[in-house]
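I opened the notebook to record what I looked up in this structure. The entries follow in the order I made them.

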Amino acid sequence: MAVIMLSESEIHAEVLNNLESKHNLDFWQRAAPGYDAVVLVPKQYRFLLDIALLFNGIKFKVQVDNVKPFLDEENHLLTEASRRNSGIGRNGALTFNKIHSYEEDHRKPVIFVQSLLHARDWVTLPASLYTIHKLVIDITERDLVEKIDWIILPIANPDGYVASRRNLLFPEHLQRRGLEQKFRFRLGNFACSEVFHGRRAFSEPETRIIKTILDQYVRRMEMFIDIHSFGSMILYGYGTGELPANALTLQVAGVNMAQAIDSVKRPYNKDYTVGNFALVLNKASGTCSDYAQAIGVPLAYTFKLPGFRFGFDTALGFLVHPDFIEQAGIETWEGIKSGAQFVLRVVGQA
Ligand SMILES: [Zn+2]
């Protein structure tokens with residue numbers, strides 16, 4: 001079952017954090033000014049949690065009493081949708097030979113896009129796959145293909161993703177999904193926590209691979225986008241609230257991307273919010289985009305795609321309705337495209 005909680009003060013945030021480690025709660029979204037915390041509570045802890053929340057004066061409401069039927073329904077809808085899918089047209093696509101005779105041009109800027117670092121951010125996979133589709137098969141912006149080298153890592157946390165599909169949403173099976181936090185820091189202290197920081201920085205092979213890519217291409221890398229869900233946000237560093245020297249440029253490019261997405265988004269989803277991670281959402285150290293920013297990637301972002309379920313952000317925002325899969329790809333691509341065009345303008349190749 002999922003419970004939604006309001007955290008109106010820092011004291012409450014602290015109480016919630018304590019409850020998290022005590023009862024092994026699974027936070028889907030952390031409380032921040034204007035954002036409710038969303039937490040999945042195992043049945044056996046429900047009573048204890050209710051008491052603790054009442055005792056601490058934290059208002060809450062049960063948003064979904066039992067998540068399982070929704071997961072079953074989603075699986076059913078996805079299976080149906082994939083059965084109906086008839087394949088992809090190949091007009092204008094890059095040929096197999098072109099893809100495989102690729103030679104690196106060290107003058108080109110690099111853009112790195114990754115998704116599913118958090119295994120449960122399921123809606124982010126269609127976004128990165130659609131980006132590949134637009135760069136390889138259905139090419140409408142040839143300059144973005146020719147003038148930029150793209151690195152796209154659709155499933156940054158493969159075993160976490162498999163576990164999240166197999167074991168639904170229950171945290172005890174998802175020890176690897178907090179990989180983002182393993183980039184640098186200490187927050188959570190138990191392995192099932194979403195904010196588990198790992199045994200040490202870069203202790204996991206997945207984070208080491210991402211670090212290797214970032215380190216290898218940092219001199220040419222103009223933009224890094226780490227796609228997450230949910231909340232309709234484009235965030236930049238640092239997670240501590242300290243701003244990078246080029247924060248204004250980050251904000252301008254971020255607003256460009258947000259407006260591009262907003263212009264094609266579904267009307268029931270809210271407009272994107274752009275800003276510093278800590279100021280817009282919450283303090284978070286050791287994130288992947290902070291690492292990229294810190295080593296010298298000028299435009300490093302975390303995207304949070306919209307939650308989609310029954311047309312509004314709910315505790316079920318992590319679930320992906322088949323009707324939103326293609327839309328998530330289309331609208332996120334508009335943002336990525338706008339970011340890429342910004343990069344070309346900045347490096348003078350547009
Ligand atoms: Zn995430």
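I count a residue as buried if 20 or more other C-beta atoms lie within 10 Å of its own, and as exposed if 12 or fewer do. The model is a predicted one.

**Entry: helix 8**

With that cut-off I went through helix 8 and found Glu206, Thr207, Ile210 and Leu214 buried. Seen down the helix axis, these buried residues fall within an arc of 95 degrees, so they line one face of helix 8. An α-helix has 3.6 residues a turn, so residues three or four places apart point the same way. On the other side of helix 8, I noted Pro205, Thr212 and Gln216 as exposed. What do the buried residues of helix 8 pack against? I found strand 5 (110–115) and helix 11 (288–295) there.

I also checked the length of helix 8. Its 13 residues, 205–217, should span 18 Å at 1.5 Å a residue, and the end C-alpha atoms are 18 Å apart, so the two values agree.

I looked up an open sheet of 6 strands, with the order 6-5-7-10-8-9 and mixed pairing. Which strands stand at the edges? They are strand 6 (149–153) and strand 9 (273–276); each has a single partner strand, so one side of each has no neighbour in the sheet. On average, neighbouring strands are turned by 20 degrees against each other, direction ignored.

Next I took one pair. Strand 8 (residues 233–236) and strand 10 (residues 299–305) pair in the antiparallel sense, over 4 bridges. Tyrosine 236 stands opposite tyrosine 301, which is in strand 10. Helix 12 packs on the sheet and touches strand 5, strand 7 and strand 10. The direction of helix 12 makes about 160 degrees with that of strand 7. Helix 5 (residues 124–137) lies across strand 5, strand 6, strand 7 (221–229) and strand 10, and runs at about 145 degrees to strand 5.

**Entry: the cores**

The largest nonpolar core has 55 residues, and Ile111, Phe224, Ile225, Ile234 and Tyr301 touch the most other members. Helix 12 (residues 322–346) gives the most to this core, with 8 residues. Apart from this core I found another, of 10 residues, including Leu25 and Phe27.

I then listed the contacts of phenylalanine 224, leaving aside neighbours within four places in sequence: Phe112, Ser289, Ala292, Val297 and Ala300.

**Entry: valine 64**

Valine 64 lies in strand 4 (residues 60–64). I counted valine 64 as partly exposed, because it has 18 C-beta neighbours inside 10 Å.

Definitions and conventions. Residues are numbered from 1 along each chain as its sequence is written. This is a predicted model: local features need pLDDT of at least 70, side-chain atom pairs count only at pLDDT 80 or more; totals for chains, interfaces and linings use all residues. Helices (H or I, at least four residues) and strands (E, at least two) are DSSP runs, numbered from the N terminus. The expected span of a helix is 1.5 Å times one less than its number of residues. The arc is that of the directions from the helix axis to the C-beta atoms. Two residues are in contact if their C-beta atoms, placed from the backbone, lie within 7 Å. A nonpolar core is a set of buried Ala, Val, Leu, Ile, Met, Phe, Trp, Tyr and Cys residues joined through C-beta atoms within 7 Å. Two strands pair if DSSP finds at least two bridges between them. Axes are lines fitted to C-alpha atoms, for helices over the stretch in contact, and angles run from 0 to 180 degrees between N-to-C directions.
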